[in-house]
Amino acid sequence: MAFNSKQASTGGTGIRTSVVSNEHIQHITVVNQNGTTEPNSSNFYNASFNIAPTTLTTGLNYFIIRNSDATKQLKIKRIVADAFFVGTAVASKSVFVLKKLTNVTATTGTTILVVKRDTIGNNTVAEVKQLPTGITATGGVDAGNISHIGIPNQLTANMNKDWQFDTPIVLKQNEAIVVQSEGAIVLGANVVFSIQFYEV
């Protein structure tokens, strides 16, 4: 015999009890504000990659993380970006934008390895890709900019951003985050990204 309850309106815990030798043994699970169970370590993931564009026009997607799954959601908790320049210096800047897209039904690009934070965990449902000549995000609708990172096109230029989201960025089916050029990029502009997310 077992019992279960959730505090769905404000978050809290779900408590399952089992009767063993006439005693109730509690199994406590953390529950978030909408009543769903928060993930354990087997649902956390990380991906790291370097964006080094070779096609330099504005509006190109150099990286994408997309949720193609009909039931699971991707929740992005942290993105770290280190930008630097290794080309021929010019008096201008290269700007990248972190952007959300909806209705992305297919993508091109080279698959990036997604690392399980727990090696015995589940495989991710995320589609994670990069391409220095630009990724095609079929059907993608611009849902707005999240943030920017820009660097002077100078050899001594370096920039770091660490986005930590108290409320995660949620990707439902066919939603995606891309890193896109905003304006022309100068050859030699690089951004190293690390992205941390979980699935529910």
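In what order do the 6 strands of the open sheet stand? The order is S9-S11-S5-S15-S7-S13, with antiparallel pairing. At the edges are strand S9 (110–111) and strand S13 (141–152), each of which pairs on one side only. Strands here are DSSP runs of E with at least two residues, numbered from the N terminus, and two strands pair if DSSP finds at least two bridges between them.

The model is predicted: local features need pLDDT of at least 70 and side-chain atom pairs count only at pLDDT 80 or more, while totals for chains, interfaces and linings use all residues. Residues are numbered from 1 along each chain as its sequence is written, and side-chain values use heavy atoms, with hydrogens and water left out.

Because 7 of its 7 residues are buried, S5 is largely enclosed by the rest of the structure; buried means under 20% relative accessible area, with a 1.4 Å probe and protein chains only. S5 runs antiparallel to strand S11 (residues 126–135), to which 6 bridges join it. Within this pairing, Asn61 stands opposite Ile135, and Asn67 has Ala126 as its bridge partner. Another 5 bridges join S5 to strand S15 (residues 176–181), also antiparallel, and here Phe63 is partnered by Val179.

The discussion now turns to the nonpolar cores. In soluble globular proteins, nonpolar side chains tend to be buried together. A nonpolar core is a set of buried Ala, Val, Leu, Ile, Met, Phe, Trp, Tyr and Cys residues joined through side-chain atoms within 4.5 Å. The largest such core has 35 residues, of which Ile65, Ile76, Phe96 and Phe193 touch the most other members. Strand S6 (residues 74–85) gives the most to this core, with 6 residues. Apart from it lies another core of 7 residues, including Ile64 and Val178. Leaving aside neighbours within four places in sequence, Ile65 is in contact (heavy atoms within 4.5 Å) with residues including Leu74, Ile76, Val128 and Phe197.

The largest cavity holds about 30 Å³ of space.

Note on methods
1 Å grid on protein atoms, 1.4 Å probe; cavity = no way out; pocket = protein on both sides within 12 Å on 5 of 7 lines; lining within 4 Å. Points joined across faces, edges and corners; volume = space filled by probe spheres on them. Buried < 20%, exposed > 50% of the residue type's maximum accessible area, 1.4 Å probe, protein only. Helix = DSSP H or I, 4+ residues; strand = E, 2+ residues; numbered from the N terminus.
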